[in-house]
Amino acid sequence: MDKSNMKKAGLIVLIIGVIMTIFTTFSFFTKENVIDIGDVQITRNQQHKLRWSPFIGLTVIGLGGIVIILAIRKK
């Protein structure tokens, strides 16, 4: 992998880590059938939450920093 590509990859991983540290929940909705009788259909939006610890974001920041440091030291 090229030195500049490693720096870019490390920077992207670092930014993802910062985002994961700030925002620790991701919510999304799916449609769920409640009643399905012939032509009559009743659906509802079901909310799902994906949660993680801010320490995971800090770990990802550390990994991004390590990749950037290795890219700088690479000869």
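This is a predicted model: local features need pLDDT of at least 70, side-chain atom pairs count only at pLDDT 80 or more; totals for chains, interfaces and linings use all residues.
1. The first point concerns the two helices. Helix α1 (residues 3–22) packs against helix α2 (residues 54–73) at an angle of about 165 degrees, and their axes lie 7 Å apart; axes here are lines fitted to C-alpha atoms, for helices over the stretch in contact, and angles run from 0 to 180 degrees between N-to-C directions.

2. Residues are numbered from 1 along each chain as its sequence is written, and side-chain values use heavy atoms, with hydrogens and water left out.

3. On the relative direction of the helices, α1 and α2 are therefore roughly antiparallel to each other, given that angles under 35 degrees count as roughly parallel, over 145 as roughly antiparallel, 65 to 115 as roughly perpendicular and the rest as oblique. The crossing of α1 and α2 is left-handed, a term used if the near helix is turned anticlockwise from the far one by less than a right angle, with clockwise giving right-handed. The contact of α1 with α2 comprises 18 nonpolar, six polar and two charged residues, where Ala, Val, Leu, Ile, Met, Phe, Trp, Tyr, Cys and Pro count as nonpolar, Asp, Glu, Lys and Arg as charged, and the others, Gly among them, as polar.

4. Two residue pairs relate these helices to the fold of the chain. L58, placed in helix α2, is 41 residues from G17 in sequence, yet their C-alpha atoms are 6.2 Å apart in space. K3 lies in helix α1, and the C-alpha atoms of K3 and I68, which are 65 residues apart along the chain, are separated by 9.2 Å. L58 is partly exposed, with a relative accessible area of 46%, and K3 is likewise partly exposed, at 35%; buried means under 20% relative accessible area, exposed over 50%, and partly exposed in between (1.4 Å probe, protein chains only).

5. The strands form the next topic. Strand β1 (residues 25–37) and strand β2 (residues 40–51) run antiparallel and are joined by 12 bridges, two strands being paired if DSSP finds at least two bridges between them. Among the partners in β2, L50 is bridged to F26, and Q46 is bridged to T30. The two strands form a hairpin with two residues between them, and G38 in the turn has a positive phi of about 60 degrees.

6. The structure holds one salt bridge, meaning a side-chain nitrogen of Lys or Arg within 4 Å of a carboxyl oxygen of Asp or Glu. The partners are E32 and R44, whose closest N and O atoms are 3.0 Å apart; E32 belongs to strand β1 and R44 to strand β2, 12 residues apart. E32 is partly exposed at a relative accessible area of 33%, and R44 is partly exposed at 42%.

How values were computed:
Helices (H or I, at least four residues) and strands (E, at least two) are DSSP runs, numbered from the N terminus.
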